[in-house]
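Biologist: Hey, can you walk me through this one? I'd like to start with the strands.

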Amino acid sequence: KELADDFNQALDRDELVAFFQPQFNAVTLDIAGVEALARWNHPRKGVLGPDKFLDAAEKLGRTGDMDRLILQKALFELTRWDGLGMQIPRVSVNISARRLAQPSLLTELSELPIAKGRLCFELLETISFDDLQPALSEIIPTIKALGIEIEIDDFGTEHASIVSLLRFEPRRLKIDREIIKPIIASPSQRRLVSSIIEIGRSQNIDIVAEGVETMEHAKILKDLGCHLLQGYALARPMTSDQLIEFCRMKG
Ligand code: G
Ligand code: G
Ligand code: MN
Ligand code: NA
């Protein structure tokens with residue numbers, strides 16, 4: 001409860017930081033992009049993950065403000081990485097239903113100095129299909145027209161129909177880690193992932209696997225034709241400075 005009260009101050013005191021986790025090309029293992037992940041640098045408790053503050057943010061109605069802040073930080077770092085000559089093709093940020101519903105969103109986005117294809121919005125599968133649906137069918141095309149890519153997050157675990165998802169013509173689908181985890185032991189689970197990749201292929205949509213925790217996962221996913229890999233086996237979420245070092249080491 002105390003933590004929830006503090007969250008407003010976290011935003012006002014600029015205590016939120018963006019961590020970044022690379023997504024890799026499954027074949028070349030080059031960095032294809034990075035996902036920005038919110039962390040709260042709490043003055044007493046240290047670095048906290050979203051499981052500790054997302055509910056509070058939602059309860060206070062400030063998820064949209066948090067998303068705006070993380071987007072600003074992500075774009076600031078992208079410019080910094082470019083300046084250092086790093087090859088980071090794009091940055092992805094998570095977008096909540098609240099952020100999509102902010103009246104100021106499209107104006108704010110249109111003022112961003114962002115090159116086509118270098119920013120991606122990850123939408124939770126759950127966002128798209130309930131109350132926001134009518135508004136979304138206007139907002140999403142406008143976002144795409146600004147050169148921002150759309151990726152469906154946590155694909156396969158929520159209740160969205162595949163038809164309603166594909167209507168938005170996302171650039172990528174990210175398969176949830178609960179689906180990825182069992183692929184080593186379970187042939188049936190491998191076939192499921194293979195089918196999702198096939199759906200993507202038929203619609204010209206790239207597939208991202210998250211929760212790639214071992215190199216064996218990475219190899220199976222590559223062999224199945226999965227395009228992008230994200231997970232602890234390849235890189236953990238890290239600060240921008242750590243990412244800079246990571247890219248230096250990788251050469
Ligand atoms: O690192 P991980 O524990 O970072 O994140 C857990 C979940 O929190 C992610 O799956 C994502 O859905 C959510 N999340 C992380 N960062 C953000 C953010 O900036 N905005 C929103 N809306 N959700 C986020
Ligand atoms: O929003 P999204 O669900 O895409 O955010 C990714 C989440 O997955 C973050 O919470 C991140 O910390 C977490 N994550 C990233 N790689 C791994 C992994 O290999 N295993 C597990 N269990 N979680 C991961
Ligand atoms: Mn995500
Ligand atoms: Na996810």
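**Strands and a ligand**

Modeller: Strands here are DSSP runs of E with at least two residues, numbered from the N terminus, and two strands pair if DSSP finds at least two bridges between them. This is a predicted model, where local features need pLDDT of at least 70, side-chain atom pairs count only at pLDDT 80 or more, and totals for chains, interfaces and linings use all residues. Residues are numbered from 1 along each chain as its sequence is written, while chains are lettered from A and ligands numbered from 1 in the order in which they are written.

Biologist: What stands opposite F24 in β9?

Modeller: L229 does.

Biologist: And how many bridges join β1 to β2?

Modeller: Nine, and the two strands run antiparallel. L16 has W40 as its bridge partner, and V17 has R39.

Biologist: Why is β2 largely enclosed?

Modeller: Because nine of its twelve residues are buried, with buried meaning 20 or more other C-beta atoms, placed from the backbone, within 10 Å of a residue's own.

Biologist: New topic: how many residues surround ligand 2?

Modeller: 16, and G211 and E213 are among the closest. To count, a residue's C-beta atom, placed from the backbone, must lie within 6 Å of the ligand.

Conventions: Helices (H or I, at least four residues) and strands (E, at least two) are DSSP runs, numbered from the N terminus.
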